[in-house]
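Please keep the sequence and the model in view while reading.

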Amino acid sequence: MSSNHESAIDDAAWASPWRRRRVGEKVALSVALILTALLTDPWPGCALVAAISLVLILGSARISPALLATVMAAPLAFLLVGALPVAVHIGADGWGIGPLRVSATGLATALGLLAHGIAGTLAVMVLATTTPMVDLLTWMRALHVPDTLLEIASLTYRMLFVLLGTTWAVHQAQRARLGDDASWRRRMHTAAGTTGSIMLRSWQRAVRLQEGLEGRGFEDALVTLSPRRERSWAFIAMTLAVVSAVWVATWAAA
């Protein structure tokens, strides 16, 4: 697994045994779980969706728990920041300190939003951690999505990794020069000074990448070959079974 967290999720998708499955089947599973997380109640619907997603990611797909925790950190922080204003209000009744109050209704609403968000994010991760971007683009090309849109997405994806790779190289160079031992003010000054260098080097690498593609005959579409994958009726049946089980449990608890 790559030490660069930004590319580790793509590395995991390439190494996952689920990469051999048809992209459409994985998309159907992920979308079904997302819709279930959005349309069912936090309990037991969202809880079951989150549990099923975790079992699929950590079990059948064989994704590292450490990697999943890493990629979920930013979405969880975003969800917590979004739920906080719902739970906390100014004035009126409730528990709190000074003008800040937390009511039972606000807290329940915030926890419900958090449950929907976590379950939906984990459902997205079912697809993200098992399907490389190149497979998604190839699948969308088979659905006759315009090549222009696919090439913009593909080039943006590649340019992002160029930027991340350059940033990682600069960071490693700073650490080799004992940059982590400097004061916070010195580190911020160094970071500001190297931003321009990172952007310039990333642009130069991007230009070389484009020249390399043109030298290999790239004109309007970079078509990649996709291995033939057989349809798995067992996987489709599993998708229908787990989604149906969540809905049945939700109706029974209502």
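How much space lies in the largest pocket? The largest pocket holds about 430 Å³ of space. The model is a predicted one, in which local features need pLDDT of at least 70, side-chain atom pairs count only at pLDDT 80 or more, and totals for chains, interfaces and linings use all residues. Residues are numbered from 1 along each chain as its sequence is written, and side-chain values use heavy atoms, with hydrogens and water left out.

**The largest pocket**

- Rolling a probe the size of a water molecule over the atoms shows where empty space is left.
- A pocket is an open set of points, on a 1 Å grid over the protein atoms alone, where a 1.4 Å probe fits, with protein on both sides within 12 Å along at least five of seven lines; its volume is the space filled by probe spheres set on the points, which are joined across faces, edges and corners.
- The lining of the largest pocket consists of 20 residues, and Arg22, Val23, Gly24, Trp139 and Arg229 lie nearest the centre; a lining residue has an atom within 4 Å of a point.
- Two or more lining residues come from each of α2 (23–39), α6 (133–142) and α9 (233–253), and α2 gives the most, with five residues.
- By type, the lining has nine nonpolar, four polar and seven charged residues; Ala, Val, Leu, Ile, Met, Phe, Trp, Tyr, Cys and Pro count as nonpolar, Asp, Glu, Lys and Arg as charged, and the others, Gly among them, as polar.

**Overall architecture**

- The protein chain has nine helices and three strands, which are DSSP runs numbered from the N terminus (helices: H or I, at least four residues; strands: E, at least two).
- From the N terminus on, the elements run α-α-α-α-β-β-β-α-α-α-α-α.
- Of the 254 residues in the chain, 33% count as buried; buried means under 20% relative accessible area, exposed over 50%, and partly exposed in between, with a 1.4 Å probe and protein chains only.
- Among contacts with a separation of 6 or more, 73% are between residues 24 or more positions apart; a contact means heavy atoms within 4.5 Å.

**Annotated spans**

- An unreviewed UniProt entry carries the annotation "transmembrane region" for residues 27–60, 66–92, 104–128, 148–170 and 233–253; such annotations may be inferred rather than shown by experiment.
- Residues 104–128 are 100% helix and 0% strand, with end C-alpha atoms 36 Å apart.
- Residues 233–253 are also 100% helix and 0% strand, and their end C-alpha atoms lie 30 Å apart.

- Helix α2 has 17 residues and reaches 24 Å from its first C-alpha to its last, close to the 24 Å expected at 1.5 Å a residue; the expected span is 1.5 Å times one less than the number of residues.
- The buried residues of α2 include Val23, Leu29 and Leu33, and the buried residues of this helix pack against α3 (42–60), α5 (104–128), α6 and α9.
- Helix α3 has 19 residues and reaches 25 Å from first to last C-alpha, close to the expected 27 Å.
- The buried residues of α3, among them Pro44, Val49 and Leu56, pack against α2, α4 (65–87), α5 and α9.
- Leucine 56, in helix α3, counts as buried because its relative accessibility is 10%.
- Leaving aside residues up to four places away in sequence, leucine 56 touches Trp18, Leu29, Leu33, Ala61 and Met238.
- The C-alpha atoms of leucine 56 and valine 126 are separated by 7.2 Å, although the two are 70 residues apart along the chain.

- Most residues other than glycine have a negative phi, and most peptide bonds are trans.
- A cis peptide bond, with omega about 0 degrees, joins tryptophan 43 and proline 44; proline 44 is in helix α3.
- Arginine 62, in the loop between α3 and α4, has a positive phi of about 60 degrees although it is not a glycine, and is exposed at a relative accessible area of 67%.
- Histidine 144, in the loop between α6 and α7 (147–176), has a positive phi of about 65 degrees and counts as exposed at 72% relative accessibility.
- Alanine 245 is in helix α9 and counts as partly exposed at 44% relative accessibility.
- Alanine 245 and glycine 45 lie 200 residues apart in sequence and 9.6 Å apart in space, C-alpha to C-alpha.
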